[in-house]
Amino acid sequence: MTYRSSLPVVMAVVLSLAGCNLVPERTPVTLYELPAHSLDLSRHTEQRIEATLRLATPRASGLLDGSRILVVPLPNQPRAYEGARWADGMPQLIRNRLLDAFQDDGRITRLVHDDSAVSADVELLSDLRTFHSEYIDGLPVATLRLDAKLIDTRSQRLVASQRFVQQQRVESEAIPNVVEAFGMAADRLARELVDWTAAQIDRR
């Protein structure tokens, strides 16, 4: 009786251990924030634009609407870096970087994002078209492309539109260096977009 009653227990333990061996271990994932540096305020300390700007989260589709860090090693063949992800979705990373850039710049003092119910005079819409590294001359180059549109919220009229593209060569293929290059490209794109937006609203 004793041997029979213990047999199912022994079999269960053996099957459990066998099952553990058959399940592959998950690759550890490192999360990365998009590096950012404060923008230079010295050029605009006295200029203020009296308008409320709503900054919408960029629209994105496919792989761009996710958190994988993307690379295109061969033309038209996107892949994701193994074991690395952004700490947030790519559209949210760009929106937050632009929010910081507008606040650092200081010319547009009334700024809201698309989660706010506050009314705005102008809305900045955008489409995230590229957020990946691509190989040029044997080394990855961080590439960002954002198509932006300014809309008058009262008339729904298109005020202006512009495509912004920035690239930054990476020092090596190491993922931290790739991430740093993305941050540098995003800084320049944010600076360019803030200047363009402020000029368009001021002209309006």
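Trainee: How much space lies in the largest cavity?

Mentor: This is a predicted model, in which local features need pLDDT of at least 70 and side-chain atom pairs pLDDT 80 or more, while totals for chains, interfaces and linings use all residues. Residues are numbered from 1 along each chain as its sequence is written, and side-chain values use heavy atoms, with hydrogens and water left out. A cavity is a set of points on a 1 Å grid over the protein atoms alone where a 1.4 Å probe fits but cannot get out; points are joined across faces, edges and corners, and the volume is the space filled by probe spheres set on them. The search of the whole structure finds one cavity of 30 Å³ or more, and the space in the largest cavity is about 30 Å³.

Trainee: Which helices each supply at least two residues of its lining?

Mentor: Lining residues have an atom within 4 Å of a cavity point. Those of the largest cavity are Ile94, Arg97, Leu98, Ala186, Leu189 and Ala190. Helices are DSSP runs of H or I with at least four residues, strands are runs of E with at least two, and both are numbered from the N terminus. The helices that each supply at least two lining residues are helix 2 (90-105) and helix 3.

Trainee: What kind of aromatic pair do Trp86 and Phe182 form?

Mentor: Rings of Phe, Tyr and Trp (its six-membered ring) pair if their centres lie within 6.5 Å; planes under 30 degrees apart count as stacked, over 60 as edge-to-face and the rest as tilted. The structure holds four such pairs. For Trp86 and Phe182, the centres are 5.6 Å apart and the planes at 75°, and the pair is edge-to-face.

Trainee: Why does this pair tie together parts that are 96 residues apart in sequence?

Mentor: Trp86 and Phe182 are both buried. The pair ties those parts together because Phe182 lies in helix 3 (residues 175-203) and Trp86 in strand 4 (residues 77-86).

Trainee: Which residues form one aromatic cluster?

Mentor: Phe131 and Phe182 have ring centres 5.1 Å apart and planes at 40°, so their pair is tilted. Phe131 lies in strand 6 (residues 122-136) and is buried, with a relative accessible area of 1%; for Phe182 the value is 0%. The cluster consists of Trp86, Phe131 and Phe182.

Trainee: Is Asp137 buried or exposed?

Mentor: Asp137 lies in the loop between strand 6 and strand 7 (139-152). Its phi is near 55°, a positive value in a residue other than glycine. With a relative accessible area of 74%, Asp137 is exposed.

Note on methods. Buried < 20%, exposed > 50% of the residue type's maximum accessible area, 1.4 Å probe, protein only. 1 Å grid on protein atoms, 1.4 Å probe; cavity = no way out; pocket = protein on both sides within 12 Å on 5 of 7 lines; lining within 4 Å.
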